[in-house]
Amino acid sequence: MRIVQSFITTALLTFGAAAFAQDFENGEDLYLLHCATCHGVEATGQGPMAGILVIKPVNLTALEAENDGTFPTERVIRRIDGRDPLLSHGSPMPVYGYFFEGEDTPYKTPSGQPILTSQPILDLMGYLQSIQIN
């Protein structure tokens with residue numbers, strides 16, 4: 001039994017425990033509540049507010065395709081949490097940034113580099129990864 005516990009602990013540390021803790025359903029709910037107004041329900045950048053923004057919303061279903069087949073994890077996290085601001089709203093992206101604040105959770109990017117972010121952002125990012133088209 002002790003060997004099994006040790007193996008599980010090692011696997012979680014190796015692969016990043018946060019990767020197993022994403023809640024895609026919560027991520028979808030967050031997306032519909034906070035992002036669909038600009039990016040659209042289908043996440044293609046055609047939301048009802050898209051027409052009035054200085055910078056048009058991107059097609060969030062094509063993030064992976066536009067990044068040589070790799071989901072741009074770090075860029076997405078930094079855009080959502082405000083470390084990589086987008087000023088199309090008249091204020092830093094996202095408009096609802098305060099909602100995504102919380103206790104830092106480590107997440108391992110595809111390059112192996114860890115990044116700290118909140119659980120709601122991980123959930124939202126997990127949802128965005130799940131809707132990528134090839």
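Strands here are DSSP runs of E with at least two residues, and helices are DSSP runs of H or I with at least four, both numbered from the N terminus. The model is a predicted one, in which local features need pLDDT of at least 70 and side-chain atom pairs count only at pLDDT 80 or more, whereas totals for chains, interfaces and linings use all residues. Residues are numbered from 1 along each chain as its sequence is written, and side-chain values use heavy atoms, with hydrogens and water left out.

Strand β1 is joined by four bridges to strand β2 (residues 114-117), and the two run antiparallel; strands are taken to pair if DSSP finds at least two bridges between them. The hairpin formed by β1 and β2 has five residues between the strands, and G112 adopts a positive phi near 95° in this hairpin. One face of β1, consisting of T105 and Y107, is covered, while the other, consisting of P106 and K108, is uncovered. T105 is buried, its relative accessible area being 16%. The terms of accessibility, computed with a 1.4 Å probe on protein chains only, are buried for under 20% relative accessible area, exposed for over 50%, and partly exposed in between. The C-alpha atom of T105 is separated by 9.8 Å from that of P120, a residue 15 positions away along the chain.

The protein chain contains five helices and two strands, and from the N terminus on these elements follow the order α-α-α-α-β-β-α. Of its 134 residues, 37% count as buried. Among contacts with a separation of 6 or more, 48% are between residues 24 or more positions apart, a contact being defined by heavy atoms within 4.5 Å.

Confidence is expressed as pLDDT, the predictor's confidence in each residue on a range from 0 to 100. The chain has a mean pLDDT of 80, with 75% of its residues at 70 or more. Helix α5 (residues 119-130) has the highest confidence, with a mean of 94, and helix α1 (residues 2-15) the lowest, with a mean of 41. Over residues 1-20, pLDDT stays under 50, and the model has 12 contacts beyond four places in sequence for these residues.

The largest nonpolar core comprises 21 residues, of which Y31, V76, I77, I80, M125 and L128 touch the most other members. Helices α2 (24-34), α4 and α5 each contribute at least two residues to this core, and the largest share, six residues, is supplied by α5. Such a core is a set of buried Ala, Val, Leu, Ile, Met, Phe, Trp, Tyr and Cys residues joined through side-chain atoms within 4.5 Å. In soluble globular proteins, nonpolar side chains tend to be buried together.

Y31 is located in helix α2 and is buried, with a relative accessible area of 0%. Residues up to four places away in sequence excluded, Y31 touches A36, H39, G40, V41, A43, L60, L124, Y127 and L128. Y31 and L128 are 97 residues apart along the chain, yet their C-alpha atoms are separated by 8.5 Å. V76 is in contact with L63, F71, M125 and L128 when its neighbours within four places in sequence are left aside.

One salt bridge is present in the structure, a salt bridge being a side-chain nitrogen of Lys or Arg within 4 Å of a carboxyl oxygen of Asp or Glu. This salt bridge links R78 with E74, whose closest N and O atoms are 3.0 Å apart. The two residues are four positions apart in helix α4 (residues 73-81), and are therefore separated by about one helical turn. R78 is partly exposed, with a relative accessible area of 29%, and E74 is partly exposed as well, at 30%.

The count of disulfides is zero, where a disulfide is a pair of cysteine sulfur atoms within 2.5 Å. C35 takes part in no disulfide, the nearest cysteine sulfur being that of C38, 8.5 Å away. The sulfur of C38 likewise has that of C35 as its closest cysteine sulfur, and the distance of 8.5 Å is too far for a bond. C35 counts as buried at 15% relative accessibility, and C38 is also buried, with a relative accessible area of 15%.
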